[in-house]
Amino acid sequence: MLSDEDRKTLLGLARDAVAAAAGGDDLPTLRNPNGPLREKGAVFVTLRSAGELRGCIGHVEAKEALWESVRDMAAAAAERDPRFSPVRPEEVPGLEIELSVMTPMTPLRSEDIVVGVHGLYVKMDGVSGLLLPQVAVEWNWDRTEFLKRTFEKAGLSYPDPRVLIFGFTAEHFQEAPRT
């Protein structure tokens with residue numbers, strides 16, 4: 001669990017990284033990060049504009065310090081989500097930033113999926129798909145629909161017993177509404 005101060009630091013870093021990426025500037029660094037921020041962490045950064053998805057990219061595995069993951073994935077969400085054009089500098093003030101700090105992936109049987117608790121990651125033959133825990137709640141999906149949609153995101157047919165299913169949980173938080 002991250003402290004309120006850690007969350008505030010990471011959200012500020014993400015916003016600074018989005019602004020730097022949109023403006024073509026060097027990405028920010030975090031001086032003297034504390035314990036949890038220095039530890040390896042996997043994170044997804046979600047950008048929204050007026051409540052609508054504007055970008056979402058993340059790391060599935062913890063390979064670098066959490067603060068670096070947040071910075072790099074915030075920049076990637078702003079610049080490289082293939083579903084959207086890159087964020088323009090004038091859009092940055094209106095963006096809403098959400099972070100989902102993920103636990104490690106563990107194999108999960110479909111009957112053990114708990115909607116609202118688990119995120120899903122499926123893979124087979126070099127293709128994969130991931131949906132964060134909050135997605136099923138936002139769309140009011142049951143377990144079966146959540147699985148189907150995760151398979152669909154990966155371009156896989158549901159059901160298919162050859163597909164590997166992994167679950168994770170995420171500490172999800174976002175900026176306070178801007179006034």
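This is a predicted model: local features need pLDDT of at least 70, side-chain atom pairs count only at pLDDT 80 or more; totals for chains, interfaces and linings use all residues.
Four strands build an open sheet, and their order is β2-β1-β3-β8. The pairing is antiparallel. The edges belong to β2, residues 52-58, and β8, residues 170-174. Each of these two has a single partner strand, so one side of each lacks a neighbour in the sheet. From one strand to the next, the twist averages 20 degrees.

Strands of a sheet pair through backbone hydrogen bonds, in a parallel or an antiparallel way. Now look at one pair in this sheet. Strand β1 covers residues 42-49, and strand β3 covers residues 95-102. Eight bridges join β1 and β3 in the antiparallel sense. Here Arg 48 stands opposite Glu 96 in β3.

Next come the helices that lie across these strands. Helix α1 spans residues 4-23. Helix α1 lies across β1, β3 and β8. Its direction makes an angle of about 125 degrees with β3. Helix α3 spans residues 66-79 and lies across β1, β2 and β3. Helix α3 runs at about 35 degrees to β1.

Finally, turn to a hairpin. Strand β5 holds residues 119-124, and strand β6 holds residues 127-131. The two pair in the antiparallel sense over five bridges. Lys 123 stands opposite Ser 128 in β6. What lies between the strands of this hairpin? Two residues do, and Asp 125 takes a positive phi near 50 degrees in the hairpin.

Definitions and conventions: Residues are numbered from 1 along each chain as its sequence is written. Side-chain values use heavy atoms; hydrogens and water are left out. Two strands pair if DSSP finds at least two bridges between them. Axes are lines fitted to C-alpha atoms, for helices over the stretch in contact, and angles run from 0 to 180 degrees between N-to-C directions. Contact means heavy atoms within 4.5 Å.
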